Amino acid sequence: MNRLTGRGMMETIDWRLVICYLLLILIGWMNIYASIHSTEPASIFDFSCRSGKQFVWIVTSLGLAAIILFALNPRIYESLSVPIYGFTILLLIAVIFLGTEVKGSRSWFSFGPVSFQPAELSKIATSLMLATVMSQSGFRMTNMKHFLATAAVILVPMAIIVAQSETGSALVYVGFVFMLYREGLSGWLLFIIGMAILLFILTLTSSSYTSILVLAIVTTLCSAMYYDRIKSWLKIYLPSFIVLGLLPFLHDKLSGLTDNPEAFILKVKPMYIFAAAAAVSIPIMAFKAFRSGGAFRWLAIASFIVGVLFVFSVDFLFHDVLQDHQRKRIEVLLGLKDDPTGVGYNVNQSMIAIGSGGFFGKGFLKGTQTTYGFVPEQSTDFIFCTIGEEWGFVGAAAVIFLYVFLIWRIIADAEQCREAFTRIYGYCVAGCIFMHLFINIGMTVGLMPVIGIPLPFISYGGSSLWAFTVLLFIFIALVRNERKYF
């Protein structure tokens, strides 16, 4: 069909995305019923229980999807992105003062039996705003002004959500980094984020000394690779780091040989020796950077200093910034504490449920952990353990495959788009879904702290299902609009 007459609905809509969406909401509905059928014995269509209510949310979500696809002009999203973003920011601020407190988080508006979480809407608004800002003519991620504008779009709602004590929803915003990387952001930012997480964990589980040693190894190795001086690094730096790594062990052994509390060996801490070595090495590196004009050396020095400051601030961040329940969840996750009947109860029961499912599962409505309600929040945050117990490894793998396929199709469609707005928005959608998937499944199997975010399209909840439906179908509508005449 030629460009003038246009292409029909069957050719322009990515039906693979639509089918994947339908399969996920169907799987979610069935497993919501499975998670509550023993405590609320009723038909799956009973509107007094969660499965019946979810059916209403599914029907209304399909209505929203139809409106987005067939009634609204896709061009309005770019023109309305600024007012939608501004309105969402106002809602995020208002909910702190006017919202209902749920489990220590003031992030919900309640209207009788209906509750709404503005943080769900913020993912859509931020994605549209990012697509608008970054699709402007002449936009470059390497331009500092453009970069700061993009960062502000992400950080403003993220900061407000953190102020609501809704850490999980804020963490989802990290998914936008993948879109930024696609649009030209240096991969070093991803590396820095990964290093910050590693240093945080090492400081909590090992010691500040170990964290700083790892930081020194990484920064000097990166500099050596950049300047193609790997051989020099292996000859000079590696032996030095091995000696520094052995210092705590040697210190402990020598300290055990004396009972004198005033002994010199007890006063010379490994960190003091490391500090002395750094005090000599850093000026030498700075002198080399000054002579050669090597910007990367200056960057490596600055990164090391900032990294050291971060390591020494971990204790403050962990004990004075994080809330008590957040600290306990991280301690259980990292194995610092064992609390199977307290904070770690949900995760412990979730892993028992998933593990008991075996390869093929126990069968629909036959899961004992599910039937007897051992896992709290099983129809919402821990819905995946219902899938693991009743459908086994095969069922869990099939669900993960559907998500992987969904994300892959979104990225594939985004790459085929000619308009930057659609491409950028598509990557935002893929990033949001990926982060929800990664965090939610990670916490059900004990790889992530319990931070309470839903599994997209599957967990019980109207605001979540509506938000993800709108998020996805705006993208499908944008892609359809591009395909109509090409």
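Tutor: A residue is called buried under 20% relative accessible area, exposed over 50%, and partly exposed in between, with a 1.4 Å probe and protein chains only. The model is predicted, so local features need pLDDT of at least 70 and side-chain atom pairs count only at pLDDT 80 or more, while totals for chains, interfaces and linings use all residues. Residues are numbered from 1 along each chain as its sequence is written, and side-chain values use heavy atoms, with hydrogens and water left out.

Student: Is methionine 351 buried, exposed or partly exposed?

Tutor: Methionine 351 has a relative accessible area of 38%, so it is partly exposed.

Student: In which element does methionine 351 lie, and how are such elements assigned?

Tutor: Helices (H or I, at least four residues) and strands (E, at least two) are DSSP runs, numbered from the N terminus. Methionine 351 belongs to helix H16, residues 345-356. The chain as a whole has 20 helices and three strands.

Student: Which residues does methionine 351 touch?

Tutor: Contact means heavy atoms within 4.5 Å. Not counting residues up to four places away in sequence, methionine 351 touches Thr444, Val445 and Gly446.

Student: What do the contacts say about the chain overall?

Tutor: Among contacts between residues at least 6 apart in sequence, 69% join residues at least 24 apart. Buried residues account for 46% of the 486 residues.

Student: How is the packing of two helices described, for instance H2 and H20?

Tutor: Axes are lines fitted to C-alpha atoms, for helices over the stretch in contact, and angles run from 0 to 180 degrees between N-to-C directions. Angles under 35 degrees count as roughly parallel, over 145 as roughly antiparallel, 65 to 115 as roughly perpendicular, and the rest as oblique. The axes of H2 (residues 15-36) and H20 (residues 462-483) come within 11 Å and cross at roughly 170 degrees. The two helices are therefore roughly antiparallel.

Student: Which residues form the contact between H2 and H20, and of what class are they?

Tutor: Leu17, Val18, Tyr21 and Ile25 in H2 meet Leu465, Thr469, Leu472, Phe473, Phe475 and Ile476 in H20. Ala, Val, Leu, Ile, Met, Phe, Trp, Tyr, Cys and Pro count as nonpolar, Asp, Glu, Lys and Arg as charged, and the others, Gly among them, as polar. The contact of H2 with H20 thus has nine nonpolar, one polar and no charged residues.

Student: Which residues does threonine 422 touch?

Tutor: Threonine 422 is in helix H19 and, with a relative accessible area of 1%, is buried. Leaving out residues up to four places away in sequence, it touches Cys417, Phe475, Leu478, Val479 and Glu482.

Student: Where do positive phi values occur in residues other than glycine?

Tutor: Aspartate 228 has a positive phi of about 55 degrees, and phenylalanine 457 has one near 70 degrees. Aspartate 228 is in the loop between helix H10 (208-226) and helix H11 (230-255), whereas phenylalanine 457 lies in the loop between helix H19 (420-444) and H20.

Student: Are these two residues buried or exposed?

Tutor: Aspartate 228 is exposed, with a relative accessible area of 67%. Phenylalanine 457 counts as buried, at 2% relative accessibility.

Student: What can be read for a strand residue such as phenylalanine 109?

Tutor: Phenylalanine 109 is placed in strand E2, residues 105-111, and counts as buried at 12% relative accessibility. Its C-alpha atom is separated by 6.5 Å from that of valine 95, 14 residues apart along the chain. The residues that phenylalanine 109 touches, beyond four places in sequence, include Leu91, Val95, Phe116 and Pro118.

Student: Finally, how many disulfides does the structure hold?

Tutor: A disulfide is a pair of cysteine sulfur atoms within 2.5 Å. The structure holds zero. Cysteine 49 counts as buried at 3% relative accessibility, and cysteine 222 is buried with a relative accessible area of 16%.
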